[in-house]
Amino acid sequence: MSTSFLLRNGKRVFSVIGGGCRGTDALSRVHFVSRRFIIDLSYSTHFMDFKGSSIPSSMKKLVVTKLSQNFRDAVALQTVPVPTPGDGDLLVRNRFVGINASDINYSAGRYDPSVKPPFDAGFEGIGEVVGLGLSASARYTIGDTVAYFADGTVPVPAVKPEFLTLLLSGATAYIAMKRLGDLVKGETVLVTAAAGGTGQFAVQFAKQAGCHVVGTCSSNEKAGFLKTIGCDRPINYTSEDLSTTLRKEYPQGLDVVYESIGGRMFDMAVNNLANEGRLIVIGFISVYQTATGVPTVKGGTLPMKLLQKSASVRGFFLPHFLSDYKEAMGSMMQMFAKGKLVCEVDCGDMAPEGRFMGLESVFRAVDYMYAGKNVGKVVVEVTPPSLDSKLPEL
C-alpha cells in the first residue's frame, strides 16, 4: 500500500500518491496497461501534470520487511522516491485503499513461499491518474479516475470508496455464489460474518436469487444493518446460541452456506447442511492470526456427514475464477448505478481513535477489522481530495 501506485510494464509498485494491494492479473480482462518494454522517458515526463499539480519527489509506502502473521511486526512504513512511469505505466495518486483479511496471510508469506521480503503490502486502491507513459496514453489520460487490483485497472465514474468494495469483496461473493452456490429460488442460505466486507454482498446476491437468507453477526447494530440489505434472519451469536437457533428454526437444514470464519463455525455449518447442501469455503479468518493459519476441524467425521446428506464442501479462491471477473464487475457496477446494490464502507468513523486517515492508519484499520468492529468493507482514506491544483504536501 502506498500513497502512490505505479503499474510498471504490467507490474505494480505502490507509493504515497496512490495505494494498492498485491494480486494476480485479475483485471487484465477489464483494462490492462499494455506490456511494452520500449521506454521513452521524455514522454513519461511530459505526461505527469495532473491539473498542473507538482508531483512530489518522495512518497510513503507499506513494505513487508519480515514474514509474520502479526501485521504490525511484518510491515513497516517507508519513504521512497516517487517512480517515474515508463512507456506502459500508470502513476496513480491514491485516495482510498481497501483492507482485507488476507492482508495478514500475505504478510505471513502463505500465498507464495518463493516470495521473500521486502515486498509491498496491500491489494487494492482507487484514485486519479497523475502520470503515464506513451503507450498507456492510448487507454488513459491524466486525471482519469481508476480503481485497481493486481496488475490491472478499472475505470470508475468517481473516486468513491464504494467502488473499491467491489474489486475483491464483491467479486468474491458474486462469482462464488454464481459458480458454486447453484442457488435455487426458495432455498435457505446462511452467510457467516454477514455484515463484513464480502458477507454483505453474499447476503444481497442470495436474496436477489429469491432465497431465504440467514446471517451471523456479533452485535445488534450489525443485525440491524443486515435487515436493511435483505437478510431475513440475522443471528447475533453473542446473545443467542447459533446451533440451537438453526436446529430449532431450520430443522430441514441449510441448502447453501457461505463460510469465511472456519473452526467451530465450519463444523456447525457441516452439521446443519440440508440434503444436497453446498458449503462454500472462502476463508477461515478465525485462525489467520495464528502461527500456522490452518484451521482445526472435525475432519474425521466429515466424509460420513457429507455422504449421509449427499452434501458437498466447495473451496473458492478468486484467482482461479478470473474468466468470470469482467462479467462480475460489469454486472455489479450496473446494479450499484441503479441503486440495486448496497456497498457499505467502514472508514473507522466510530473507531476509538477516529476515522482511518493516512497510510499510517492502515495498522489501526487491520486491528479494527480483526476485532470484528466493522460494518461493511474496511477502507482507509489515504489522501483527502485536493482543494486546489496542487497535490498535498507529503
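Serine 310 is exposed, with 54% of relative accessible area; exposed means over 50%, buried under 20% and partly exposed in between, with a 1.4 Å probe and protein chains only. Serine 310 sits in the loop between α9 (302–309) and β15 (312–315). Its phi is near 50 degrees, a positive value in a residue other than glycine. Most residues other than glycine have a negative phi, and most peptide bonds are trans.

The structure is a predicted model, in which local features need pLDDT of at least 70 and side-chain atom pairs count only at pLDDT 80 or more, while totals for chains, interfaces and linings use all residues. Residues are numbered from 1 along each chain as its sequence is written, and side-chain values use heavy atoms, with hydrogens and water left out.

The term pLDDT denotes the predictor's confidence in each residue, from 0 to 100. The protein averages a pLDDT of 87, and 85% of the residues score at least 70. Over residues 9–46, however, pLDDT stays under 50, and the model has 167 contacts for them beyond four places in sequence; a contact means heavy atoms within 4.5 Å. Residues 387–394 also have a pLDDT that stays under 50, with 19 contacts beyond four places in sequence. Where pLDDT is low, the predicted coordinates should not be read in detail.

The overall architecture comes next. The protein contains 11 helices and 17 strands; helices (H or I, at least four residues) and strands (E, at least two) are DSSP runs, numbered from the N terminus. Of its 394 residues, 57% count as buried. Among contacts with a separation of 6 or more, 70% join residues 24 or more positions apart. The accessible surface comes to about 16,300 Å², and carbon and sulfur atoms account for 53% of that surface; such areas come from the Shrake-Rupley method with a 1.4 Å probe, and for residues only the protein chains shown count as cover.

Just after α6, glycine 230 adopts a positive phi of about 105 degrees.

Leu242, Thr245 and Leu246 are the buried residues of α7. Seen down the axis, they fall within an arc of 95 degrees, so they line one face of the helix. On the other side of α7, Arg247 and Lys248 are exposed. Among the elements that cover the buried residues of α7 are β10 (188–191), β13 (254–259) and α8.

Helices α7 (242–249) and α8 (264–271) each supply at least two residues to the lining of the second largest pocket. This pocket has a volume of about 380 Å³. Of the 15 residues that line the pocket, the closest to its centre are Leu242, Ser243, Arg264, Met265 and Met268. Helix α8 gives the most to the lining, with 5 residues. On a 1 Å grid over the protein atoms alone, a pocket is an open set of points with protein on both sides within 12 Å along at least five of seven lines, and lining residues have an atom within 4 Å of a point.

Several single residues complete the tour. Glycine 131, in strand β7 (residues 124–132), is buried, with a relative accessible area of 0%. Its C-alpha atom is separated by 7.0 Å from that of valine 92, 39 residues apart along the chain. A cis peptide bond, with omega about 5 degrees, joins proline 117 and proline 118. Proline 118 is placed in the loop between α3 (102–107) and β6 (119–120). Aspartate 182, in the loop between α4 (161–181) and β10, has a positive phi near 50 degrees and counts as partly exposed at 40% relative accessibility.

Lysine 373 lies in the loop between α11 (362–370) and β17 (377–381) and counts as exposed at 53% relative accessibility. Not counting residues up to four places away in sequence, lysine 373 touches Lys222, Asp346 and Tyr368.

Methods: On a 1 Å grid over the protein atoms alone, a cavity is a set of points where a 1.4 Å probe fits but cannot get out, and a pocket is an open set with protein on both sides within 12 Å along at least five of seven lines; lining residues have an atom within 4 Å of a point. Grid points are joined across faces, edges and corners, and a volume is the space filled by probe spheres set on the points. The arc is that of the directions from the helix axis to the C-beta atoms.
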